[in-house]
Structures are given as C-alpha cells and as structure tokens.
Amino acid sequence: MRKSLLLSTILASIGAFVLVGGGLLLVDPRAPKHEAIKTGGLAGGAIVALYALWLNDRRRKVEEARQELESQRIDHDRSRVADERFARAVELLGHETAQVRVGAMHALAGLAKSRAEYTQTVLDILCAYLRRPFKRSSEDEDAAEIELEVRLTSQRLVEDLLPRLEEKDPPRYDLNLTKAHLEYMDLSYRQVGDLVMRVARLNESNAFHHMVVHGDLYLTDAEVTGRIYLHHNEFRRKAWFSRVKARGLAVFTETKFQGETKFSDSQWADVKADGCTFAVQADLPEAWRN
C-alpha cells in the first residue's frame, strides 16, 4: 500500500508541476519560462511535502500504538508478579515460624506501598491477623511473647500504611479490629475511614489521638484494661462507646464529636475530657460529668 501511495504521490506531483507550469504559460505566453517552471516545481513539491507529513504522522501513530502495547504488557507482567507475591505472602501468614510470618507481613506492606490498589486488602489481612485469638499463658510464656512480637509488627505496619494527618484529600482506608487484641497500638496523627473495634480488648496503653475518623467509630462492648488516649480527635460521623468497660485512664481532651455519639451502659474509671464538643447532644456517663 505504501508503494502505491508513493507512486500516486509522484504522479500527482508531476501532474501538479505540468498543470501549474503549463497553465501559467498558457495564460501568459510572454511570461518568463523559468518562473513558470519554478511555480510548477513548488506546486509539485508541496504535494510531496504533504505526503511526507502524512507519512511521519502515520509513523508517529504506529510508534505510539507500539509503546502503548508495550506499556500494557509491562503492566500486565507487573500485575501478575504482584499477584503471585501477594498469594505467596498470604500463604506464609499461616507458617508456624514467627520470623516467616513477620517476613510475610513486610512483603504485604511493601506490595501495598508499591501498588495502591492492594492497600485496603493488605490492611484487611493485617487486621484479620490481629483478630486471631490471643491469650497470654504462664504455661508457655516464651511462645506468647514471640506471638506478641508478631502482632506488634502487624500493628506497626497498619499504622505505617494509613495516611498522615496533614495529607489533603487522602484515600480513606477502613480498619476492622472487631475482637482484636491490641497492645501499644499507635494510630496517632493518622486518618481513617471507618474504625471498628467492637468487642476488642485493649491492654497496657493504646494511642488513638490527633486523628481524623472520616467514617464511623465503633468502640462498643470493648474491654480497656490499660490507658487509652483519644484526645484532639475529629470524629466526623458516629462515635459509639456503648458498653465499654475502661479500668484505666481514658483521655478525650479537645475531641470534636461531629455526629451521633453514644455512651450507653459504659463504665469509665478515670476520664479526662476537657474541651470536648458535641454537635449532637450525647447522654454522658457519670464519670464524664464529674
């Protein structure tokens, strides 16, 4: 096809040369012949130039299409490799050796950082690990300590994957920590979507301060045996603390409750709540009113 177009272009160029040059001589026989030849040559050259422009544009489009196909192939290969890494890491989370489980968690977190589409799924998996039953045992204290270290790794990776407080319009990732055993978790200066900690057990000290919770917060039927820090937060939707049993210090100072808030049947041993604001009137427990 290209040869046919080239031949047609050459013939059209010659035709334009003859037509324009000859036309000028016919119109004005006394005109200088070299001017007629020059003008005819320009007309023929213009056709050749148009063909060259078309050819270059066609080559450019072919090259762009080739690059697009190559980019799609590379992205497909990356996705395939990422899927294989993901599947292998998830499989290793059930390994009997703690170091292998820790390595699998780091592999998942690295995958989430390199490919944002995995982040919510990885967070769900790390939270699922924290929801696994865990109980300290005096009979096998060493094994319990090793497992606790694995869980602390999971907590730190969850913290690291969440957007920081100063980020503008960040992705909103949800955390489901229902029935989770949490110890020294620190989500301070982070942003989340929904934060669900129903029937969770919070030991020692846990920090959830200077946060923005864009979705709903459910800390219901939870047992807090140590300190919990929830100060300088923005709870933008529901914040439910129904049936919480808090035996340690709970700090809510300067927190903004912007949605429906519930504390029904909750128990608080020691509360600091100076400067809290409520957009919707809340039925505060006795410890909050003292």
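This is a predicted model: local features need pLDDT of at least 70, side-chain atom pairs count only at pLDDT 80 or more; totals for chains, interfaces and linings use all residues.
Let's start with α3, which covers residues 98-114. At 1.5 Å a residue, its 17 residues should span 24 Å, and the end C-alpha atoms are 25 Å apart, which agrees. Its buried residues are Ala98, Arg101, Ala104, Met105, Leu108, Ala109, Leu111 and Ala112. Because they cover an arc of only 160° around the axis, they sit on the same side of α3. On the face turned away from that buried side you will find the exposed residues Gln99, Lys113 and Ser114.

Helix α4 takes up residues 119-130. The same kind of check works here: 12 residues at 1.5 Å each should span 16 Å, and the distance between the end C-alpha atoms is 17 Å, in agreement. Buried residues in α4 are Thr119, Val122, Leu123, Ile125, Leu126, Cys127, Tyr129 and Leu130.

## The parallel sheet

Five strands make up an open sheet, with parallel pairing and the order β1-β4-β8-β12-β15. The edges belong to β1 (175-176) and β15 (261-262); each has a single partner strand, so one side of each is left without a neighbour in the sheet.

Within the sheet, β4 (residues 195-196) runs parallel to β8 and is joined to it by two bridges. Valine 196 is placed opposite tyrosine 218 of β8.

## The nonpolar core

The largest nonpolar core counts 57 residues, and Leu195, Phe241, Phe252 and Trp268 have the most contacts inside it. At least two residues of this core come from each of α2 (33-92), α3, α4, α5 (141-161), β13 (245-251) and β16 (267-272).

Leaving out residues up to four places away in sequence, Phe241 touches Leu217, Leu219, Thr220, Leu230, Phe235, Phe252, Phe257, Lys262, Phe263, Ser266 and Trp268. Two of these partners, Phe252 and Trp268, also belong to the group with the most contacts inside the core.

## Threonine 220

One of the partners of Phe241 is Thr220, which lies in the loop between β8 (217-218) and β9 (223-224).

Setting aside neighbours within four places in sequence, threonine 220 is in contact with Met197, Arg198, Val199, Trp240, Phe241, Ser242 and Arg243.

Definitions and conventions: Residues are numbered from 1 along each chain as its sequence is written. Side-chain values use heavy atoms; hydrogens and water are left out. Helices (H or I, at least four residues) and strands (E, at least two) are DSSP runs, numbered from the N terminus. Contact means heavy atoms within 4.5 Å. The expected span of a helix is 1.5 Å times one less than its number of residues. Buried means under 20% relative accessible area, exposed over 50%, partly exposed in between (1.4 Å probe, protein chains only). Two strands pair if DSSP finds at least two bridges between them. The arc is that of the directions from the helix axis to the C-beta atoms. A nonpolar core is a set of buried Ala, Val, Leu, Ile, Met, Phe, Trp, Tyr and Cys residues joined through side-chain atoms within 4.5 Å.
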